[in-house]
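Please look over the sequence and the structure before reading the points below.

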Amino acid sequence: MTFKKHSAGILGTGFYVPEKILTNDDLSKIVDTSDEWITERTGIKERRIAADDEATSDLSMRAAEAALKDAGVTPEELDLIIVCTLTSDRIIPSTACMLQTRLGAKKAAAFDLSAACSGFAYGLSVATQFIETGAYKKALVIGAETLSKYINWEDRNTCVLFGDGAGAAVVGEVEDGYGILSFDLGSDGSGGDAIQIPSSGSRLPVSKETIDQRLNLIHMNGRDVFKFAVKAMGNTVKHALEKIGMPQEKIDWLVPHQANIRIIQSAAKRLNMPMEKVILTVQKYGNMSAACIPIALAEAAAEKRFKKGDIVALSGFGAGLTWASCIIRWSKEN
């Protein structure tokens, strides 16, 4: 079968964050920490927390509806749904399948993608292949997490970092020369223990013993992750640029994974990007894993910060260890 090459780009974006706000002062009443300590080390001031009856599919639904509306696309037009998450509602069925039926996207294939904080960029690259070949016309890519349900609220090194939310993008054909120009994906499984939930699968199934030891919650070696991240964030964008022969000076906006303000500043420095050209949400949402990049992207788009023709670089890193970036020539008019 021969496919015609099409240009794939973002037709619309949307996001949703839960109503509950957890501030640094709130956390200081739970663990031995302070607003000053958290802000200085991470840049985070507050984060959103899902309600007890709110699951990842619920957040995904709200973000998806906003993105579809922005794109002017109906659920019935969708050919593919990818939900990028490490906090799926269940192991089976996939969160994407649950979302597919709730949206009424009757003809869409659906699956979850697990690449942690790099997930949205991974998902965008997958959707791009289907659109470029002409196999599919419209795809929905979502990054969504309810990390608060996997946090050890007695561990001040991790509980201050994470929040909940969902961001979405509708991907489809755009005019030639615009859309997703390049991407770079990578992994290093030798660093997998740096960020993990030890008891969460077939290796060490959840049991009373693992719960008592809190092995069903997030464990992280912050120092190792930081050393990895400061290199990965900038380097992956450089590699994506090299594939299309584009100098880094052409980047108009950097949309990074929102893990830590110091890591973001380091990435911007490696790319010679002034911080006013870096999209930041870390201060109000914290680290939402796969949801960080699409939420930052959707917020900036809603604020009309991107002009048609702007070069937008997405950059992420996460558990796995993984890294990913996408270079986009923005195709939407304000």
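The model is predicted. It holds 1 cavity of 30 Å³ or more, and a search of the whole structure finds 13 salt bridges.

**Cavity**

- Sorted by class, the lining of the largest cavity comprises 2 nonpolar, 2 polar and 2 charged residues.

**Salt bridge Asp79–Lys107**

- Asp79 and Lys107 form a salt bridge in which the closest N and O atoms are 3.3 Å apart.
- This pair links distant parts of the chain, 28 residues apart: Asp79 sits in the loop between helix H3 (56-71) and strand E4 (80-84), and Lys107 sits in the loop between helix H4 (95-103) and strand E5 (109-113).
- Asp79 has a relative accessibility of 11% and therefore counts as buried, the limit being under 20%.
- Lys107 has a relative accessible area of 51%, so this residue is exposed, the limit being over 50%.

**Salt bridge Asp184–Lys243**

- A salt bridge also forms between Asp184 and Lys243, with 3.7 Å between the closest N and O atoms.
- Asp184 counts as buried because its relative accessibility is 8%.
- Lys243 counts as exposed because its relative accessibility is 54%.

**Salt bridge Lys284–Glu299**

- The side chains of Lys284 and Glu299 meet in a salt bridge, at 3.2 Å from N to O.
- Lys284 is in helix H10 (residues 282-285) and Glu299 is in helix H11 (residues 292-302); the two residues are 15 apart, and the pair links distant parts of the chain.
- Lys284 has a relative accessible area of 25% and so is partly exposed.
- Glu299 has a relative accessible area of 10% and so is buried.

Key. Residues are numbered from 1 along each chain as its sequence is written. This is a predicted model: local features need pLDDT of at least 70, side-chain atom pairs count only at pLDDT 80 or more; totals for chains, interfaces and linings use all residues. Side-chain values use heavy atoms; hydrogens and water are left out. On a 1 Å grid over the protein atoms alone, a cavity is a set of points where a 1.4 Å probe fits but cannot get out, and a pocket is an open set with protein on both sides within 12 Å along at least five of seven lines; lining residues have an atom within 4 Å of a point. Grid points are joined across faces, edges and corners, and a volume is the space filled by probe spheres set on the points. Ala, Val, Leu, Ile, Met, Phe, Trp, Tyr, Cys and Pro count as nonpolar, Asp, Glu, Lys and Arg as charged, and the others, Gly among them, as polar. A salt bridge is a side-chain nitrogen of Lys or Arg within 4 Å of a carboxyl oxygen of Asp or Glu. Helices (H or I, at least four residues) and strands (E, at least two) are DSSP runs, numbered from the N terminus. Buried means under 20% relative accessible area, exposed over 50%, partly exposed in between (1.4 Å probe, protein chains only).
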